[in-house]
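Please examine the sequence and the structure shown here before reading the briefing. The notes after it are arranged by topic.

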Amino acid sequence: MTQPIANCPNCGAKIVFRWSNSVQTVCEFCKSILVRTDVDLKKVGQVADLPPDSSPIQINTEGQYGSKAFVVVGRILYAYDQGGWNEWHVMMNDGTSAWLSDAQSEYALSLSSKVQNLPGIAQVHVGQQFNWSNQRYTVSVITPAHYRGVEGELPFQYWDKTDVTFVDLRTESGKFATLDYSDPEPALYLGEFVEFDDLKLKNLRSFEGW
Amino acid sequence: MSAGTPPLSGLPKPQAKALNCPKCGAAVVLRSFGQAETVVCGSCRCILDAKDPNLAILQQFEAATREVKPLIPLGTRGKLRGTDYEVIGFQRRSAKVEEITYYWHEYVLFNPYKGIRYLSEYNGHWNDISICKTLPNVDRAFLDSPGSSADYLGESYKHFQTCEAITDFVLGEFPWQVRVGEHAAVTDFVHPPRVLSGEKLDKEVTWSIGEYLYGREVWEIFKLPGVPPEPMGVYENQPSPVTTNITGTWVAFAAFAVFLLALMAGFDMRAKKEPVLHETYQYNRAEAKGEASFITDVFQLTGHPSTVEVKTFAPVSNHWIYLNYALINQDTGQAWDFGREVSYYSGYDSDGSWTEGKQNDAVVIPSVPPGHYYLRIEPEADPALPGIPYTVDVTHDVPVFGIYGIAFVALLLPAVIISFRAYTFERSRWSESDHPPMDFSNMSSSSGDDE
């Protein structure tokens, strides 16, 4: 896989893209949010220091999902009134991108879905059911969240958010879905809950005393 | 669990945080590296905002009763299902059912990689609890009818109880916004040794799955000193001590009974049942003075050593006749002595008519070798009886079924005992539920088995 290299327009540091389809990245050194244009990188914002975070996952953590290996290349950090969670952007070894969400050590892996005619936020309530990809999903929780920051590479521009709403759905077979209302057009992610041990994660953070 | 390689992005290694309570100044330790939402000051009972670097006070509560002490101290670590966990939080909750308040305790366990897990304890009964990732399928009519159930991962859980749980004492860290006095509607469905619990707070229902643990297992996991408190009564998801598969036991019993019947039929068919003597004699009192014995004709027993049945019939009525028999082998002189009484009484009393005894008697002598035999008979009779005829029948090679009866009972007994023990255990379990068994007939789960 090619790894395009550029320099940070803000501080000049070397910027390496691990995923060729990345649209946005954050300079590791000056925390500038950089968006790829046809010709170069453009600084669009600055990440404030990320809040202290207890996820055992970090950029460059490697793992296994089914028969595919993946590496963590970026993340979006959210907070809500009962805590925070990470959406880790992972790159599979077949070039696809997926999201590994880590909400207080509850892990789920999901992929962007092309399902059309998604419900507007006003039409969704807890307990409601939807059929997507031959699965019946039940709305389990609607979470008003706050965008807290980004790190690393993302498949889209994501940096000027404040309040965003997520709708989590579950099935009776361990499947998982999220409706993301960050943008005017809702986005759907379909996936499943995964066991920490099954992911065979490497390059994890270490914790003092553990 | 530890990472093999150092972090590449150079993030600082998270450490347990030591802070001070803004109210009383006592040390407050944050053990969960930021996963906690709230932390309780151990000395002044302030609930503090663990996300706030200044630990803003969220609530102050009075321990209503005397100090509640966790059986597993905060900070204790133990290996549970292969993962090290540290006890970081503790709460006591209560529920009032029919004017009686029940208390139970919940421990928050933490591992930085695996996250949060819970232990609960009620009267010496423990449960290892984790949050369900898969949605249970619950009857829409939600609850309260004895048959209501929930399906979770392909297994059916029976509704046990719904109650209003109130948090009344907290200590340490919690991954949610804990408050003393908070109410939640808790619904338990059981499939021993597991319990499926739905906790409804506002509109959101959180499902968790618990598995029964014995106190000694908890003591072993956390290397606690002393002995765990003795469990009281039967808990909702406590596994039955009757581990035998009851349906299987009865199926095995039925199969064996059929086998016994077949065996009996087989032996009955194989038996020759050969009549070798049939005689009617007359007993006369007048002649019976002194030595009154006589011998029968000689009869032959052929084949292998087998049974000999001696049947006696006498038309007695409110009398008895007693016959001293000896079966004697003419060739060897070997003798089998036995006495038989034939008596029959009947009459009326305040309970109506009654009878006692029979006019028939039969006895089987086992393993008699082949040869020439005769009977020596010495009759005695009721002094009131002047004389009576009696018939003696001797049959060679008759089947004997008594041993099968014993085998039948020997097999039936354990099945009955196991079923009864399972039944009484299940009865104790369900007597604590919202659906106590009323009587024997509507106890549907008496087998303690999956339907």
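This is a predicted model: local features need pLDDT of at least 70, side-chain atom pairs count only at pLDDT 80 or more; totals for chains, interfaces and linings use all residues.

Chain A and chain B meet through 32 residues of chain A and 31 residues of chain B. In chain B, the domain assignment gives two regions, domain 1 (17-221) and domain 2 (272-398).

**Contact between the chains**

- On the side of chain A that touches chain B, the largest share comes from strand E12 (residues 135-152) of chain A, which supplies three residues.
- By residue type, that side of chain A comprises 10 nonpolar, 15 polar and seven charged residues.

**Domains of chain B**

- The centres of domain 1 of chain B and domain 2 of chain B, taken over C-alpha atoms, are separated by 80 Å.

**Nonpolar cores**

- In soluble globular proteins, nonpolar side chains tend to be buried together.
- The largest nonpolar core holds 34 residues, and those with the most contacts inside it are B:Val39, B:Leu48, B:Val108, B:Leu109 and B:Val170.
- When residues up to four places away in sequence are left out, B:Val170 touches B:Val40, B:Ile47, B:Gln91, B:Val178 and B:Val180.
- A second, separate core has 29 residues, including A:Leu100, A:Ala108, A:Tyr189 and A:Leu204.

**A four-stranded sheet in chain B**

- Strands of a sheet pair through backbone hydrogen bonds, either parallel or antiparallel.
- In chain B, four strands make an open sheet with the order E17-E26-E20-E24, and their pairing is antiparallel.
- Strand E17 (274-284) and strand E24 (360-368) of chain B are at the edges; each has a single partner strand, so one side of each has no neighbour in the sheet.
- From one strand to the next, the twist of this sheet averages 15 degrees.
- Within the sheet, strand E20 (residues 306-313) and strand E26 (residues 387-396) of chain B are paired in the antiparallel sense over six bridges.
- B:Val308 has B:His396 in E26(B) as its bridge partner.

**A three-stranded sheet in chain A**

- Three strands of chain A form an open sheet in the order E3-E4-E5, again with antiparallel pairing.
- Its edges are strand E3 (24-26) and strand E5 (41-46) of chain A; each has a single partner strand, so one side of each is left without a neighbour in the sheet.
- The twist of this sheet averages 30 degrees from one strand to the next.
- E3(A) is joined by three bridges to strand E4 (residues 32-36) of chain A, and the two run antiparallel.
- A:Val26 has A:Ile33 in E4(A) as its bridge partner.

- Most residues other than glycine have a negative phi, and most peptide bonds are trans.
- The peptide bond between B:Pro192 and B:Pro193 is cis, with omega about 5 degrees.
- B:Pro193 belongs to the loop between strand E14 (183-191) and strand E15 (194-201) of chain B.
- A:Asn117 is not a glycine, yet its phi is positive, near 55 degrees.
- A:Asn117 is located in the loop between strand E10 (106-113) and strand E11 (129-132) of chain A.
- A:Asn117 is exposed, because 4 other C-beta atoms lie within 10 Å, and a residue with 12 or fewer counts as exposed.
- B:Lys223, also a residue other than glycine, has a positive phi of about 50 degrees.
- The loop between helix H1 (215-221) and helix H2 (246-270) of chain B contains B:Lys223.
- B:Lys223 counts as exposed, with 10 C-beta neighbours inside 10 Å.

Key: Residues are numbered from 1 along each chain as its sequence is written. Chains are lettered from A and ligands numbered from 1 in the order in which they are written. Two residues are in contact if their C-beta atoms, placed from the backbone, lie within 7 Å. Ala, Val, Leu, Ile, Met, Phe, Trp, Tyr, Cys and Pro count as nonpolar, Asp, Glu, Lys and Arg as charged, and the others, Gly among them, as polar. A nonpolar core is a set of buried Ala, Val, Leu, Ile, Met, Phe, Trp, Tyr and Cys residues joined through C-beta atoms within 7 Å. A residue is buried if 20 or more other C-beta atoms lie within 10 Å of its own, exposed if 12 or fewer, and partly exposed in between; C-beta atoms are placed from the backbone. Domain bounds come from an automatic or database domain assignment. Two strands pair if DSSP finds at least two bridges between them. Axes are lines fitted to C-alpha atoms, for helices over the stretch in contact, and angles run from 0 to 180 degrees between N-to-C directions.
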